[in-house]
Amino acid sequence: MPTSQKPSESHSRAEMTIFDVLKQDHEKARYLFDKAEKAGKKDIASLQKLFSQLEEELELHMEGEERFFYSVLEQNEEMRDKVLQAFEEHQVAKTLLGTFQSLAVDDERWMAKLQVLSEIVEHHMQEEEKEVFKLARKALGKEQQHEIALAFQRSKREGRKPSRGAPVEG
């Protein structure tokens with residue numbers, strides 16, 4: 001068994017809390033935004049591929065977060081305002097993501113739009129990690145943190161776009 005595991009990989013799936021899972025997703029989004037920024041405007045094929053991956057990650061993350069994490073937290077009066085704000089931030093990100101559909105990657109506005117999306121998402125992630133997680137740890141028991149994590153992960157797996165001949169349920 002390899003000893004050079006990342007800290008997040010040292011937890012079994014059953015031991016991971018929703019906070020561990022969301023933090024992993026946040027790190028993946030940061031990585032993809034960084035890679036896209038470094039690819040630069042000239043590498044159109046790489047940008048298209050990275051953006052497609054980033055878009056899928058963000059959409060699956062937001063859907064799972066809303067269905068399994070926020071839906072539970074919004075029942076807590078102390079959390080309600082933060083959760084409503086998070087829903088609105090997701091809506092802004094989704095709207096901005098949708099504007100990429102009508103814009104070619106080589107359009108001069110594309111990278112500017114990606115930078116704005118990155119800033120919106122980064123703001124959301126930082127606020128979530130610093131404020132929402134802190135309150136949510138108090139509001140959710142350990143068992144509930146694990147259950148939400150498992151439901152979130154299952155939802156993401158099921159929501160992935162089929163690749164390499166994976167069966168598509170109709």
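From the N terminus, the elements of the chain run α-α-α-α-α. The model is a predicted one. The chain holds 5 helices and 0 strands. Two places are picked out below: the contact of α1 with α5, and Glu128 in α4.

**Chain overview**
- Of the 170 residues in the chain, 39% are buried.
- Take the contacts between residues at least 6 apart in sequence: 76% of them join residues at least 24 apart.

**Helix α1 against helix α5**
- Helix α1 covers residues 18-39, and helix α5 covers residues 142-159.
- Their axes come within 7 Å and cross at roughly 40°.
- From α1, the contact uses Ile18, Phe19, Val21, Leu22 and Asp25.
- From α5, Gln145, Ile148, Ala149, Phe152, Gln153 and Lys156 meet them.
- By class, this contact of α1 with α5 has 7 nonpolar, 2 polar and 2 charged residues.

**Glu128 in helix α4**
- Glu128 sits in helix α4, which spans residues 108-139.
- Glu128 is buried, yet has no salt bridge.
- The nearest side chain of opposite charge belongs to Arg30, 8.4 Å away; a salt bridge needs a nitrogen of Lys or Arg within 4 Å of a carboxyl oxygen.
- Setting aside neighbours within four places in sequence, Glu128 is in contact with His26, His61, Glu65, Tyr70 and Phe133.

How values were computed:
Residues numbered from 1 in each chain as written. Predicted model: local features only at pLDDT ≥ 70, side-chain atom pairs only at ≥ 80, totals over all residues. Heavy atoms only, no water. Helix = DSSP H or I, 4+ residues; strand = E, 2+ residues; numbered from the N terminus. Buried < 20%, exposed > 50% of the residue type's maximum accessible area, 1.4 Å probe, protein only. Lys, Arg positive; Asp, Glu negative; His and termini not counted. Contact = heavy atoms within 4.5 Å. Axes fitted to C-alpha atoms, helices over the stretch in contact; angles between N-to-C directions. Nonpolar A, V, L, I, M, F, W, Y, C, P; charged D, E, K, R; others polar.
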